[in-house]
Each structure stands twice: as C-alpha cells, then as structure tokens.
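This briefing covers one protein chain, topic by topic. Please keep the sequence and the model open while reading.

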Amino acid sequence: MLKRRIIPTMLYSDFGLVKGEGFNSWRRTGSVMQTVKVYNMRNVDELVFLDIKATLEGREPDYQLICDIANECFMPFSVGGGISTVEQIRKILLLGADKVVLNTSAITNPSLIKEAAEIFGSQCLIVSLDVKLINNEYKVFTHSGKNETSYTLVDAAKMVEQFGAGELLVTRIEFDGTLQGCDLQLLKLAADTVNIPVIGAGGIKDYQDMYEAFDKTGIDAIAASAIYHFTEQTPNLARQFLLSKGISVRN
C-alpha cells in the first residue's frame with residue numbers, strides 16, 4: 001500500500017470558510033487564502049476545497065477563486081462543488097487543480113464519471129459519497145446531505161468504481177464536525193467494497209482516532225477539518241504520531 005495521507009478539507013460558503021456539525025456549516029473559520037498559506041507552511045500532503053453551496057444554488061464553480069488557490073497552493077489540491085459537466089472539469093484542471101471531487105453529479109449522472117475518466121484519466125476523479133445510517137443501512141445523500149437517494153453505500157461505491165472513479169471519499173453525515181470519533185464500521189465497509197483508494201471523513205477527533213482508522217479499516221487517507229480548526233492538533237503532529245505507531249505516512 002502507498003503511504004497513507006492526511007488531507008485537510010476547506011469548506012467554502014459565502015465568501016469564506018465554514019464548519020458546523022452534520023453538514024450544517026454555520027461557524028466561520030477564516031479566509032481561503034490565509035488557510036492555504038497556513039497549510040503550505042505545515043507541509044500537508046494534499047488539500048480538498050469544497051464549495052458546499054454551488055450545487056444547491058445551481059451555479060458553476062468559482063473559477064477565479066480556484067485560480068487564486070492554484071497560484072498560492074504548494075501541494076496537490078482537489079476541487080469540488082457545482083461540477084456537472086466535462087467542460088467544467090477541464091477548466092478546473094487547466095486552472096491548476098490536480099483532481100476534481102464529484103458528489104451529486106456522480107449519482108444523478110454517473111455517465112459523467114465514465115466520460116471524464118476516458119478524457120482525463122481516473123487518477124484525477126474523486127467521487128464523494130455522503131451517507132447516513134438509516135434502518136441499519138448506510139444510505140447515500142446528495143445536494144450537501146439534503147436529498148436521500150435509493151443507493152446504499154455499497155451499491156453506490158461499486159457503481160462509481162465501475163464507471164471509472166479513481167478514489168472514493170466517504171463521509172458519515174451525522175458525525176461531521178462533532179469530534180466524536182469516526183465510524184470505523186463505515187470506513188471498513190467502504191474499503192472492503194472497492195479496489196480504489198478510500199478517503200475517510202466525518203468525526204475525526206484526535207491522532208489516536210486516525211491511527212485506529214488506518215489500522216482497523218484499510219482506508220488510504222483521512223480528510224478532516226474540525227480537528228484543525230477547533231483543537232490544537234495539526235497535520236504535522238498527526239503524521240509524527242502515526243509514524244510512531246508504525247503507520248506508513250510521509251515523514
């Protein structure tokens with residue numbers, strides 16, 4: 001297995017970064033560019049930038065902001081939010097993003113994954129699946145966690161892999177921003193279902209939680225936000241802790 005990755009996420013809404021709980025992002029956490037500069041100094045592995053209102057508002061990605069991030073960001077970064085066409089993907093990659101994150105469009109129009117994979121390659125396509133536990137089944141939601149679909153996590157994960165997704169980002173909606181610990185059962189299920197890298201998210205509370213996620217589930221990366229905004233914990237210290245526990249991460 002390749003080295004495991006620690007990936008901070010930036011959730012963008014109404015001219016700034018936000019973070020809440022359960023996808024109710026009501027707390028302001030700072031500016032995009034200042035946050036990128038901080039993560040540059042901390043030498044993080046990757047960044048994920050998600051415009052969480054773009055799809056809900058029916059608008060295209062903010063290309064100027066993506067360009068600004070690309071000019072400032074020293075590490076690979078991915079962009080999600082409002083992406084529904086191959087041409088939008090092309091623009092984002094040309095602006096300097098390394099990958100795109102498809103969420104709602106991956107479920108409502110999975111052929112977009114196939115078309116994009118054929119043109120740009122699966123390596124630049126992350127499909128994000130947001131799930132809730134309902135009647136003992138992990139059900140997939142779209143539109144920033146607002147709309148329940150007919151898909152279970154397993155069904156959706158198999159489908160998007162078949163269509164050409166290069167990575168899977170799995171988030172437990174109810175755990176988002178709570179700092180209560182991640183859902184190990186969910187992450188293991190996702191990792192066991194597909195043969196592509198899985199990024200786990202939702203509820204990460206501390207370095208020990210990260211260690212257990214890597215050690216017990218088989219995921220390839222951890223995406224987190226609240227832990228870095230609302231505690232003293234940092235990606236660098238997380239990396240040091242994981243190395244001390246024998247997890248293969250970048251030194």
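Is Asn136 buried or exposed? Asn136 is exposed, at a relative accessible area of 76%; buried stands for under 20%, exposed for over 50% and partly exposed for the range in between, with a 1.4 Å probe and protein chains only. The model is a predicted one, in which local features need pLDDT of at least 70 and side-chain atom pairs count only at pLDDT 80 or more, while totals for chains, interfaces and linings use all residues. Residue numbers start from 1 along each chain as its sequence is written, and side-chain values use heavy atoms, without hydrogens and water.

**Overall form**

- The chain holds 10 helices and 12 strands; these are DSSP runs numbered from the N terminus, helices being H or I with at least four residues and strands being E with at least two.
- The C-alpha trace spans about 45 × 40 × 35 Å along its principal axes.
- Of the 251 residues, 57% count as buried.

**Loop residues with positive phi**

- Asn136, in the loop between strand 7 (125–134) and strand 8 (137–142), has a positive phi of about 65° although it is not a glycine.
- Asn43 also has a positive phi, near 55°, in a residue other than glycine.
- Asn43 belongs to the loop between helix 1 and strand 4 and is partly exposed, with a relative accessible area of 47%.

**Aromatic pairs**

- The count is 3 aromatic pairs, where rings of Phe, Tyr and Trp (its six-membered ring) pair if their centres lie within 6.5 Å, and planes under 30 degrees apart are stacked, over 60 edge-to-face and the rest tilted.
- One of them is the tilted pair of Tyr12 and Phe49, with 5.6 Å centre to centre and 40° between the planes.
- Tyr12 lies in strand 1 (residues 5–13) and Phe49 in strand 4 (residues 47–51), so this pair ties together parts 37 residues apart in sequence.
- Tyr12 is buried at 9% relative accessibility, and Phe49 is buried at 3%.
- Tyr39 and Tyr228 form an edge-to-face pair, with 6.5 Å between centres and 75° between planes.
- Tyr39 is part of helix 1 (residues 32–41) and Tyr228 of helix 9 (residues 226–230), so the pair ties together parts that are 189 residues apart in sequence.
- Tyr39 and Tyr228 are both buried.

**Lysines**

- Lys132 lies over the face of Phe141, 5.0 Å from the ring centre; the rule asks for NZ of Lys or CZ of Arg within 6 Å of the ring centre and within 35 degrees of the ring normal.
- The charged end of Lys245 sits over the ring of Tyr211, at 5.3 Å from its centre.
- Lys19, in strand 2 (residues 16–21), is buried, with a relative accessible area of 5%.

**Largest pocket**

- The largest pocket has a volume of about 770 Å³, the volume being the space filled by probe spheres set on grid points joined across faces, edges and corners.
- A pocket is an open set of points on a 1 Å grid over the protein atoms alone where a 1.4 Å probe fits, with protein on both sides within 12 Å along at least five of seven lines; lining residues have an atom within 4 Å of a point.
- Of its 47 lining residues, Leu11, Phe23, Leu50, Ile52 and Ser144 are the closest to the centre of the largest pocket.
- The lining divides into 19 nonpolar, 20 polar and 8 charged residues; Ala, Val, Leu, Ile, Met, Phe, Trp, Tyr, Cys and Pro count as nonpolar, Asp, Glu, Lys and Arg as charged, and the others, Gly among them, as polar.
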